[in-house]
Amino acid sequence: NRENKPRPGAWKPPAYSTSERVCEYLVNAIGNARAKHKFHLWAYVFMPNHVHILIWPTKANYSVSAIMQSIKQSVARKALRFLRQENPVGLKQLATGQKHSPYRFWQDGGGYDRNLTSTSALKASIDYIHNNRVRKNLVSYPEDWVWSSAKEWISGEPGVLSVDRESFSIG
């Protein structure tokens, strides 16, 4: 039943998020956040209107909010800078009408996150993440989408972000 499948951490950027530029911003931001906040990346996919990442914090004290803030702020700053310089019309589409925050790259809300505590939930989450583009009829096979960890999990070939498979030890 599709409704019962776990939905790992997702946040929803504007529909143009799968532009190469924004995907590269995401790769860079996740890499920097990974080094700063000490987490392992187990799976990811960048969709046209949202992103899924499955992470495992390696420190006893961590903040998912701080991790997400690091990623989201970095991407938003770069995207807004680019739009100001190269596409002022596109920038207007992100206008909020608010004085303190005139533009919003990410949708309101903190996203969706949850702790997965069972082997079956972890496996289902990775399957969900990797098959997201297939379910949406955007690719035929999960490994066909470059902005996903599916290829590395399926064939062992590195993707745009390496996954920490050595720390992922479920049967």
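Modeller: Pro 57 lies in strand β3, where strands (E, at least two residues) and helices (H or I, at least four) are DSSP runs numbered from the N terminus. The model is a predicted one, in which local features need pLDDT of at least 70 and side-chain atom pairs count only at pLDDT 80 or more, whereas totals for chains, interfaces and linings use all residues. Residues are numbered from 1 along each chain as its sequence is written, and side-chain values use heavy atoms, with hydrogens and water left out.

Pro 57 has a relative accessible area of 15% and is therefore buried; buried means under 20%, exposed over 50% and partly exposed in between, for a 1.4 Å probe and protein chains only. Residues up to four places away in sequence aside, Pro 57 touches Lys 38, Phe 39 and Tyr 62, a contact being heavy atoms within 4.5 Å. Its C-alpha atom is separated by 8.7 Å from that of Leu 41, 16 residues apart along the chain.

Strand β3 spans residues 51-57 and also holds His 52. With a relative accessible area of 0%, His 52 is buried. Its side chain makes a polar contact of 3.4 Å with the side chain of Asn 132. Such a contact is a pair of N or O atoms within 3.5 Å; within protein, one must be able to donate a hydrogen and the other to accept it, and residues adjacent in sequence count only if both atoms are side-chain atoms.

Lys 38, one of the residues touched by Pro 57, belongs to the loop between α1 and β2 (39-46). Lys 38 is partly exposed, at 44% relative accessible area, and has a positive phi of about 55 degrees although it is not a glycine. Most residues other than glycine have a negative phi. Asn 137 likewise has a positive phi, near 60 degrees; its place is the loop between α4 (119-135) and α5 (150-155), and a relative accessible area of 69% makes it exposed.

The loop between β3 and α2 includes Ser 63, which is partly exposed at 34%. A polar atom of the Ser 63 side chain lies 3.0 Å from the backbone nitrogen of Ala 66. The C-alpha atoms of Ser 63 and His 37, 26 residues apart along the chain, are separated by 8.5 Å.

His 37 and Ala 66 both take part in the contact between α1 and α2. These helices, residues 20-37 and 64-86, pack at about 145 degrees with their axes 9 Å apart; axes are lines fitted to C-alpha atoms over the stretch in contact, and angles run from 0 to 180 degrees between N-to-C directions. Among the other residues of the contact are Tyr 25 and Ala 29 of α1, and Ile 71 and Phe 82 of α2.

For the chain as a whole, the elements run β-α-β-β-α-α-α-α from the N terminus, that is, five helices and three strands. Of its 171 residues, 43% count as buried. Among contacts with a separation of 6 or more, 65% join residues 24 or more positions apart.
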